Amino acid sequence: MKASKVAYKPVGLALGAGAGLLAGAIFNEVWKLAGHEDDAPNATDEDRPWREILIAAAIQGAIFALVKAAVQRSGAVAVRRVSGTWPA
């Protein structure tokens with residue numbers, strides 16, 4: 001295994017955790033704007049219709065995937081700048 005790949009593992013884990021927190025915060029703000037409510041529905045919330053729950057899940061998933069990809073790509077670029085090799 002390349003040294004840059006090994007060195008990137010803990011960085012990638014930290015970036016992933018940060019990306020999750022950032023994505024959650026972004027989703028909460030988007031939901032407030034789109035849903036006119038402070039909190040998004042949970043899958044087990046029996047007072048919310050299926051449609052609302054599935055739309056919220058789709059929006060949340062899209063935001064999470066976008067933020068995760070952007071953060072991981074930025075981390076890989078930073079590792080390349082520091083080490084001279086791509087971490088993958």
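**View 1. Salt bridges across the predicted model.** The whole structure holds 4 salt bridges. The model is a predicted one. Asp 39, Asp 45, Arg 48 and Glu 52 are joined in a salt-bridge network. A bridge between Lys 32 and Glu 29 is also found.

**View 2. Arg 48 with Asp 39 and Asp 45.** Arg 48 pairs with Asp 39 through their side chains, at 3.8 Å from N to O. Asp 45 also bridges to Arg 48, with the closest N and O atoms 3.6 Å apart. Is Arg 48 buried or exposed? Arg 48 is buried, because its relative accessible area is 17%, and the cut-off for buried is under 20%. Asp 39 counts as partly exposed because its relative accessibility is 47%. Asp 45, at 25%, is partly exposed too.

View 3. Which residues does Glu 52 contact, leaving aside neighbours within four places in sequence? They are Trp 31, Glu 37 and Pro 41.

**View 4. Lys 32 and Glu 29 on helix 1.** These side chains meet in a salt bridge, 3.5 Å from N to O. Both residues lie in helix 1, 3 residues apart, which is about one turn of the helix. Lys 32 is partly exposed, because its relative accessibility is 35%. Glu 29 is partly exposed as well, at 45%.

**View 5. The largest nonpolar core.** This core has 9 residues. Among them are Ala 19, Ala 23, Phe 27 and Trp 31, together with Ala 40, Ala 56, Ile 63, Val 67 and Val 71. Helix 1 (3-35) and helix 2 each supply at least two residues of the core. Ala 40, one of the core residues, touches Phe 27, Trp 31 and Arg 48, not counting residues up to four places away in sequence. Arg 48 also bonds to Asp 39 in a salt bridge.

**View 6. Helix 2 from end to end.** Helix 2 covers residues 50-83, 34 residues in total. From first C-alpha to last, helix 2 reaches 49 Å, close to the 50 Å expected at 1.5 Å a residue. Its buried residues include Glu 52, Ile 53, Ala 56 and Ile 63. Further along, Val 67, Val 71, Gly 75, Ala 76 and Val 79 are buried as well. Gly 84 follows the helix, with a positive phi near 90 degrees.

Technical notes. Residues numbered from 1 in each chain as written. Predicted model: local features only at pLDDT ≥ 70, side-chain atom pairs only at ≥ 80, totals over all residues. Heavy atoms only, no water. Helix = DSSP H or I, 4+ residues; strand = E, 2+ residues; numbered from the N terminus. Expected span 1.5 Å × (residues − 1). Buried < 20%, exposed > 50% of the residue type's maximum accessible area, 1.4 Å probe, protein only. Core = buried A, V, L, I, M, F, W, Y, C linked by side-chain atoms within 4.5 Å. Contact = heavy atoms within 4.5 Å.
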